[in-house]
Amino acid sequence: MQQIVNRLIFGVLSGIAYALYSIFGSMALKKYHPYTVTFYSFFFAGLASVVLSFVTNIGKAAPHIFSVLQSCIPRQKTVICDYENAAA
């Protein structure tokens, strides 16, 4: 029962967050470049995802995500992601 309540809360919060993104995104696009708005949107969404993953113990269930991120290292002016060896 608790999982259903948690999922419902996260669903409602995600709907509210998307509505706020639409409102503030359209306001920000009048003043800033679209790439700037997109960067900050993804930055804060990623930050919130990392924080929520550890608060809700989801981070313990998916430790391979960080190994995938660490496998994407710049090599000779390009980014090469080694996905085959990331989870190993």
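**Notebook: aromatic cluster and overall make-up**

I began with the rings and noted that Phe39, Tyr40, Phe43 and Phe44 form one aromatic cluster. The model I am reading is a predicted one, and I keep that in mind for each value below.

Next I looked up how many aromatic pairs the structure holds, and the count came to five. One of them joins Phe39 and Tyr40, whose ring centres lie 5.2 Å apart with 75° between the planes, an edge-to-face arrangement. The reasoning rests on the cut-off by which planes over 60 degrees apart count as edge-to-face.

I also checked the exposure of residues in the cluster. Tyr40 has a relative accessible area of 44%, so I listed Tyr40 as partly exposed. For Phe43 the relative accessible area is 43%, and Phe43 is therefore partly exposed. Phe44, at 49% relative accessibility, counts as partly exposed too, because exposed would require over 50%.

For the setting, I went through the secondary structure and found three helices and two strands in the protein chain. Reading from the N terminus on, I wrote down the order of the elements as α-α-α-β-β.

Last, I looked at the chain as a whole: it has 88 residues, of which 9% count as buried. The accessible surface of the protein chain comes to about 7,700 Å², and I noted that 70% of this surface belongs to carbon and sulfur atoms.

How values were computed:
Residues are numbered from 1 along each chain as its sequence is written. This is a predicted model: local features need pLDDT of at least 70, side-chain atom pairs count only at pLDDT 80 or more; totals for chains, interfaces and linings use all residues. Side-chain values use heavy atoms; hydrogens and water are left out. Rings of Phe, Tyr and Trp (its six-membered ring) pair if their centres lie within 6.5 Å; planes under 30 degrees apart count as stacked, over 60 as edge-to-face and the rest as tilted. Buried means under 20% relative accessible area, exposed over 50%, partly exposed in between (1.4 Å probe, protein chains only). Helices (H or I, at least four residues) and strands (E, at least two) are DSSP runs, numbered from the N terminus. Accessible areas come from the Shrake-Rupley method with a 1.4 Å probe; for residues, only the protein chains shown count as cover.
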